[in-house]
Amino acid sequence: MSTLAHLFRMLRWRAFARHGALALTTLFALIPFVWMLSLSVKPPEEIFQPEFHLWPQQFSGVENYRAALTAAPMHLFLINGLFVCATIFLLQMLVCVPCAYALAKLRFRGRDTLFAAVLVGLLVPPQALAIPHFVLLHVFGLLDSYAALILPWVISTFGIFLMRQFFRAVPDELIDAARLDGLGEFEIIWRVMIPVAVPAIAAFGIFSVVAHWNDLFWPLIAVRSEELSTPALGILLFRDDEAGQFLGPLMAGATIIVAPLVVAFLFAQQRFIDGISFTART
Amino acid sequence: MSGIALSAIVKCHGATPVLRGISLDIRHGEFLTLVGPSGCGKSTLLRIIAGLDAQDAGEVVIAGRKVDGLRPKDRDVAMVFQAYALYPHLSVFDNMALPLRMRRLSGAQRLPLVGALSRGRRPIEEGIRREIEETAALLDIAHLLSRKPGQLSGGQRQRVALGRAMVRHPAVFLMDEPLSNLDAKLRVQMRAEITALHRRLGSTFVFVTHDQAEAMTMSDRVAVMMAGELIQVGAPDELYVDPRDLRVAEFIGSPKINVVPAAALDQGTRAAMIAVPGASTLAFRPEAAELCAPAAGVLAGVIVTVENLGSDIFLHVAARPAHSEGTLPLIVRVAPSARRFAIGEMVGIDPDPARMLQFDASGRRLRARERVAA
């Protein structure tokens, strides 16, 4: 009996230590976020006060958020972000899924070499390709357009790799059965592989949307016009002015921009976790 | 008539031959089982019939039509797979409807949203629904039609897989070890159900298994394959009583046939038992021998195990052959009422010479001259 009690005590102590460590890391991750929220509702003079209050003494959230929404065409940035991210993801799927299916399930000469090429593609950081992409888009006269924001990302080696790994786990029998049932190769992809691969597609979608919604690097290079700005780029417009004056609206703008991702996360929490543990598995 | 004719089918994986020239005629309406140890090429042969793999040489004719260039869906065959291969995202109904929709609806009618609006689709869908309901009633899965495969037990999935194969009324059913994922009791039950189904449908069934008991209990004819070759094709009892090859004799029948190398016998016994010159191996079934006093038997040994099945008792005996070291494991069937046997008891074994099978050094069956004449 006493050993049992001892065990319980030990387990409780272990759980305590574990939660303590987790709480500490969470705190580190959340502090900038909380700071952002706090600044977004403060008047300018309170922001630079030496003493810190989490909640402002004089609430000026309304002013800051109004400034964020009116000083820059914030709704336009959000719509741009939505359009660019959705288009990138759809086009990526259009390329990835057939490629991944061919690499995973079809037998043809040179398949392994092609897959090795995909793996090499995974090793190349996107920044290394920025200048070639820029030059290409310049040659085709596509700079400063939606096409410039979208086209460089349409072929995702990561997507091909991820989907190929998932498709390999789909039993060959299922594809054989589909062939006997009269499905052609594209119908197999559309009617069998895609529905079966929904978890993998969701996982990849999360990575893709988060990456391109938050991307600042490429839009900064590819786009100049304000009306083409994505959210992350648009937020720079605040900084261009006298930053001190506009820190409150800037933080309000940042809050508006991350809000969609946070809301999406809250709705699809389980999918996020599945997606990440799925990629860890493969 | 929907028979299948295979002639000289050859298939190699790289340099390794998997099928070495298989020729086989499967009659219309026949239940033929391809049986053999794993890796003998039986599944490959089935896939070649289905059109999922292409043979390197030879010809496949289904229902009088050469099908070599045809895709699986154009061959009028249906296949049931080992792991059932049901579409996990579709309900049982949609699983069974897919092959019918693929055949009866046009490409435009199959489109997700546009298709539903198309004019001719409704009567076709109603026809499909009626047929699926009939098939489902036949297989006793009508109450499962709205479920997903993940919510079904192994036996239910098996029935759905059969149903999906049946709805389109194919000329030929191909089954690739469809019972091996079921537990022992269900397997025996499904054996009976599949044979009953075969009788009712009257279609040609080609069934692949590594389990000789399945082959023996279900088939009209059994084709035994070993190492890419067809060794013997015949009715189950023919294979059991009259095997043409030692490997067939050893593969068919449970418990296994007793194999006695002629070299293990002393001069006198050898002369008494070998009826054909050149026989180097003798074999007899457990029921083709009697027990006797140790001194009176052709072979003698110690009882190692007593396997009591109620209807029969199988005695496992470690016989001591005359001219070799070690022991020779033998199995003898005795009637349950006979008497009690103790492990360690010394017994004599007296095989019936008329039922003794004789094989030459390469394992080929040798027949006594009078039987050849007859």
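Domain bounds, as used here, come from an automatic or database domain assignment. The model is predicted.

**Exercise 1.** State how far apart the C-alpha centres of domain 1 and domain 2 of chain A lie.

Solution. Step 1: take the bounds, which the assignment for chain A sets at 2-63 for domain 1 and 72-234 for domain 2. Step 2: read the separation of the C-alpha centres of these two domains of chain A, which is 37 Å.

**Exercise 2.** Describe how helix 4 and helix 11 of chain A cross.

Solution. Step 1: two packed helices are described by the angle and the distance between their axes. Step 2: for helix 4 (residues 74-105) and helix 11 (residues 198-214) of chain A, the axes come within 9 Å and cross at roughly 140 degrees. Step 3: angles over 145 degrees count as roughly antiparallel and 65 to 115 as roughly perpendicular; helix 4 and helix 11 of chain A are therefore oblique to each other. Step 4: the crossing of helix 4 and helix 11 of chain A is right-handed. Step 5: list the contact residues, among them G81(A), V84(A) and I88(A) from helix 4 of chain A, and I201(A), G205(A) and W213(A) from helix 11 of chain A. Step 6: sort this helix 4 to helix 11 contact of chain A by class, giving eight nonpolar, five polar and no charged residues.

**Exercise 3.** Characterise the side of chain B that touches chain A.

Solution. Step 1: the contact takes 16 residues from chain B and 13 residues from chain A. Step 2: on the chain B side, strand 6 (77-80) and helix 2 (92-104) of chain B are the elements that give two or more residues. Step 3: helix 2 of chain B supplies the largest share, four residues. Step 4: by class, this side of chain B has 13 nonpolar, one polar and two charged residues.

Key: Residues numbered from 1 in each chain as written. Chains lettered and ligands numbered in written order. Predicted model: local features only at pLDDT ≥ 70, side-chain atom pairs only at ≥ 80, totals over all residues. Contact = placed C-beta atoms within 7 Å. Nonpolar A, V, L, I, M, F, W, Y, C, P; charged D, E, K, R; others polar. Axes fitted to C-alpha atoms, helices over the stretch in contact; angles between N-to-C directions. Parallel < 35°, antiparallel > 145°, perpendicular 65-115°, else oblique. Left-handed = near helix turned anticlockwise from the far one by under 90°.
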